[in-house]
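Visitor: Please take one part of this model and go through it closely. I would like to know how it is paired and what surrounds it.

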Amino acid sequence: MSTDAERRPVADRVGRLVRQTLVATRGALTRRDGKAVFVVASAAYFLLYTAGLRNLGFGPWGYELSIVSDPLARAVQPVGPFQWESVALVVVGPVELLVSPLNVLLGAGLATLVGLNLAVSVVAWRGPTACRLGSGASAAAGVPGLLSGVACCGPTIVLVVGVQASAGVLTVFQWLLPLAVVALVGTLLWVGRKVEPAAL
Amino acid sequence: MHTRRSFLRGVGVAGVVGVAGCLGGDEPSAEESSNEPTATSDATGTPPPTAERSLHLAQDIGTLDGEVISGGVPKDGIPAIDEPTFQAAERASLDDGEPVFGLVRGGDTRAYPQRILVHHEIVNDTVDGDPVAVTYCPLTGTAQGFERGPVEFGVSGDLVNSNLVMYDRGTDSRWPQILATAIDGPLAGETLREFRVVWTTWGKWRAVHPGTEVLTEDTGYTRRYGDDPYGQYNPPGGYYASDRTLFEPLSRDDRAHPKSVVVGTRTADGALAFDKESLLAAGVLTGAIQGRQYVAVADDTLSTGYVYANPDGRTVENRADGYSLDGEPVAADSLPLERALAFDAMWFAWAGFYPGTGYVN
């Protein structure tokens, strides 16, 4: 059983790590290169995630806006693990977008974490040699989130990767999104502590 | 071509479950009841109408129930269409080659496009005044019709042998589509009343039934209906053409390509499958279930086949101007023999449910 005195240093270390990461994040976002990486990476991840859910894609040319009659109730109706019903279809030219508010929120959260990871990683990478670590890990941390997006509908992704679906495989897919969140937060903390304030 | 709906349009929501009833099922054992699905809050206890005779099952119900797995979506995560709307054939914008599931019942003729049903799997419809469910499982390539009485069917989210497991909103019993027999719940062992749904293409269906109505995309849900998550049929690709299955079949049978299409029939005594491509080429094929002869006859106009019991071994021939029975001209869909309900299915799914099935090619 640990004492308060033993716990305090751990809490202190975590607090310091979070503060360090916040400083690194804020610093990265004040730099032009960091800001650019954040915007591009977040947007790209969000688009990939939404396309992975098949909520975004191409179709025949047209213009349309359809909204379901009870959007509030429909928005919270689950269609899969961490996936919810869409409430609107937007068609602009060849682009089709299904709007699912909760999927958008979740995708935006993941995309923000991926963007921050890469922004901080790039700033660290462009710093002193000792700090050139982490960008690969940061990018990899976002992959489970993308896979969780394409895990719907079967899941057909197993056909692509050549694995036969089973109860076990489906269970793994259900945990991909929480895994992505943990991995992204973990890598952000890990990369954040490697950024030297002087490099910002 | 693709149907584009009008700009800014509200769409409807799901209907409600009705009440009334038919006969019940066998009492489930204590073991079965321990694994029963929980009745949903909207379950009325009303069963759908069931058949007098149960169909042949190659495995016992407990074994089948033990093979049920989650398909990765929750109950009703794939929402059935409960308030379908239809339009005239002239107004539909479908490619001639697109698969549709056709139904003629009394004075009503309807087509249900595969591109819509792949996103919903079940349509709770009323045709010629009769409440029916038109169902489609994309993973097994099966389109089947069931009487539903006052009860609606929904998608449980579970699969067995890759096949859609439906549930009825009256008793919450679980019905694998191909088997048409409940394997869990209060109606375990009971068999639904079925009717024929023809898998064909829009061009062929419209040519034969120009007055047909077509299911519209106003389903009450927003979907990208041109986007099939599994592949495409026109031309075949993705899952529909691959020799791989998503889930391990209950049993494997290498007599045919896993995704080749068979016209299958099952009775109380057994199962029999005719290779569809061979049937369309030959016109007439014969097989047997437990020594009782069956004859399959191709209908070129719809690219489909009909199966008849032919216990007396009467002679069915393919002639230049059609078919003949003992020398008399007959139409493919109306031979004066007892019609056996048959439907298209992917071979792996048929063989998985009915190991040792007769196979004719």
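Guide: B:Thr126 stands opposite B:Pro131 in E7 of chain B. The model is a predicted one, and the pairing described here is computed from it. Strand E7 of chain B covers residues 130-137, and six bridges join it to E6 of chain B, the two strands running antiparallel. E6 itself covers residues 122-127 of chain B.

These two strands belong to an open sheet of four strands in chain B, ordered E6-E7-E8-E12 and paired antiparallel. E6 and strand E12 (194-195) of chain B stand at the edges; each has a single partner strand, so one side of each has no neighbour in the sheet.

Leaving aside neighbours within four places in sequence, the contacts of B:Val123 are B:Ile81, B:Pro84, B:Tyr112, B:Leu117, B:Val132, B:Ala133, B:Val134 and B:Leu215. Among these contacts, B:Val132, B:Ala133 and B:Val134 fall within the range of E7, residues 130-137 of chain B. B:Val104 is 19 residues from B:Val123 along the chain, and their C-alpha atoms are separated by 15 Å.

Chain B holds six helices and 27 strands. Of its 361 residues, 59% count as buried. Among contacts in chain B between residues at least 6 apart in sequence, 66% join residues at least 24 apart. Chain B exposes about 13400 Å², of which carbon and sulfur atoms supply 47%.

Helix H2 of chain A, residues 32-52, has 21 residues and reaches 30 Å from its first C-alpha to its last, close to the 30 Å expected. Buried residues in H2 of chain A include A:Ala41, A:Ser42, A:Tyr45 and A:Tyr49. After H2 of chain A comes A:Arg54, with a positive phi near 65°.

Helix H1 of chain A, residues 4-30, contains A:Val10, which counts as partly exposed because its relative accessibility is 43%. A:Val10 forms a nonpolar surface patch with A:Val14, A:Val18 and A:Leu22, and together they have about 310 Å² of accessible area. An α-helix has 3.6 residues a turn, so residues three or four places apart point the same way.

Conventions
Residues numbered from 1 in each chain as written. Chains lettered and ligands numbered in written order. Predicted model: local features only at pLDDT ≥ 70, side-chain atom pairs only at ≥ 80, totals over all residues. Heavy atoms only, no water. Expected span 1.5 Å × (residues − 1). Buried < 20%, exposed > 50% of the residue type's maximum accessible area, 1.4 Å probe, protein only. Contact = heavy atoms within 4.5 Å. Areas by Shrake-Rupley, 256 points an atom, 1.4 Å probe, with all protein chains shown as cover. Patch = residues over 30% accessible without salt bridge, like charges linked within 9 Å, V, L, I, M, F, W, Y side chains within 5 Å. Salt bridge = Lys/Arg side-chain N within 4 Å of Asp/Glu carboxyl O. Pairing = 2+ DSSP bridges.
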